[in-house]
Amino acid sequence: MKILEEIGLTKTEARIYEHLLRLGESPVSSLQKSLDTHPQIIYRTIDNLTKKDLVTVVNKKNKKFVIPEHPKKLEELEKEKLNKLKNSLPELIDIMNKTESTLVKTSVGFEAIRSFRRMAINELKRSETLYIIGGSGDRFYDVMGDDYEEIENKRIKKKINKKLLAFSQEKEKFNQDTNRLHTDFRYFSSNHPTLSSINIFNDHVGIIIWSTEPILIHINSHEVANSYKHYFNELWLNSTN
């Protein structure tokens with residue numbers, strides 16, 4: 001039966017266990033003859049099934065007999081495995097979180113940008129701030145589409161602040177943005193094409209490259225995020241309204 005292999009038995013273990021269910025208690029020698037399998041394979045497999053608590057081996061009249069456990073034992077064993085996994089999850093998650101203390105992921109496409117902005121608004125708490133360096137007007141609004149209105153409504157409802165730095169040529173576009181509550185815009189006096197943007201919140205830094213299919217480089221690091229926030233504050237002091 002395939003299910004026996006799917007829950008972790010080898011093909012040979014599954015074959016012998018299923019055969020034992022049909023035979024019931026059986027001498028090892030009879031089992032070997034009925035399966036026409038090499039004795040070493042039979043003994044090794046029985047030993048493995050014994051370790052898995054699926055068979056019991058007893059001695060009777062100088063013969064080894066194998067007794068299969070009731071199939072319900074399989075369910076009990078799976079429940080034990082699941083409980084062990086549940087008990088180990090906090091430790092495994094802790095290992096993952098430590099590994100991800102500095103984690104870099106790259107993704108491509110409109111949905112990657114939308115998901116990152118949505119994550120920012122979901123994770124930020126009331127009165128916390130989303131920092132943006134190099135805000136892109138037309139390109140950003142085009143990529144966000146209808147999701148922008150929904151995400152901004154949630155930001156405003158949570159009273160999350162947004163501080164955005166952009167080049168002066170983007171000013172007219174941002175002035176048309178009706179979702180300006182809890183938002184501060186500042187601009188650099190020079191004009192340059194906005195080829196990339198940097199979003200910073202909590203321990204996250206998102207570097208967005210505005211190619212035809214936008215690219216998101218997501219850095220999850222407390223130290224890196226703090227460094228970018230410091231950089232943002234320096235730039236903020238050297239910009240104008």
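Author: Let's take helix H10, and begin with its neighbours. The buried residues of H10 pack against E5, E6, E7, strand E8 (196-201) and strand E9 (204-209). Packing here means contact, with heavy atoms within 4.5 Å; buried is under 20% relative accessible area, exposed is over 50%, and partly exposed is in between (1.4 Å probe, protein chains only). Helices (H or I, at least four residues) and strands (E, at least two) are DSSP runs, numbered from the N terminus.

Some ground rules before going on. This is a predicted model, where local features need pLDDT of at least 70 and side-chain atom pairs count only at pLDDT 80 or more, while totals for chains, interfaces and linings use all residues. Residues are numbered from 1 along each chain as its sequence is written, and side-chain values use heavy atoms, with hydrogens and water left out.

Now the helix itself. H10 covers residues 222-237, and its 16 residues should span 22 Å at 1.5 Å a residue; the expected span is 1.5 Å times one less than the number of residues. The C-alpha atoms at its ends are 23 Å apart, which agrees.

Which residues of H10 are buried? They are Ala225, Lys229, Phe232, Leu235 and Trp236. These residues cover an arc of only 125° around the axis, which puts them on the same side of H10; the arc is taken over the directions from the helix axis to the C-beta atoms. On the other side of H10 you'll find Glu223, His230 and Leu237, which are exposed.

Two of the buried residues deserve a zoom. Phenylalanine 232 and tryptophan 236 are both buried, and they are four residues apart in helix H10, which separates them by about one helical turn. An α-helix has 3.6 residues a turn, so residues three or four places apart point the same way.

What about rings? Rings of Phe, Tyr and Trp (its six-membered ring) pair if their centres lie within 6.5 Å; planes under 30 degrees apart count as stacked, over 60 as edge-to-face and the rest as tilted. By this rule the count comes to nine aromatic pairs. One of them joins phenylalanine 232 and tryptophan 236, a stacked pair at 5.4 Å centre to centre with 25° between the planes.

Tryptophan 236 also has a charge over its ring: the charged end of lysine 163 sits there, 4.7 Å from the ring centre. To count, NZ of Lys or CZ of Arg has to be within 6 Å of the ring centre and within 35 degrees of the ring normal. A second case has lysine 60, whose charged end sits over the ring of phenylalanine 65, 5.6 Å from its centre.

Strands E8 and E9, which the buried side of H10 packs against, have a loop between them where asparagine 202 lies. Asparagine 202 isn't a glycine, yet its phi is positive, about 45°. With a relative accessible area of 24%, asparagine 202 is partly exposed.

A nonpolar core is a set of buried Ala, Val, Leu, Ile, Met, Phe, Trp, Tyr and Cys residues joined through side-chain atoms within 4.5 Å. The largest one has 23 residues, and Ile113 and Phe174 have the most contacts inside it. Two or more residues come from each of helix H6 (110-123), strand E5 (129-133), helix H7 (137-144), helix H8 (147-157), strand E6 (161-167) and strand E7 (183-188). Leaving out residues up to four places away in sequence, isoleucine 113 touches Val143, Met144, Ile208, Trp210, Pro214 and Leu216. Phe174 turns up again in an aromatic cluster with Phe140, Tyr141, Tyr148 and Phe185.

Just after H3 comes aspartate 36, with a positive phi of about 55°.
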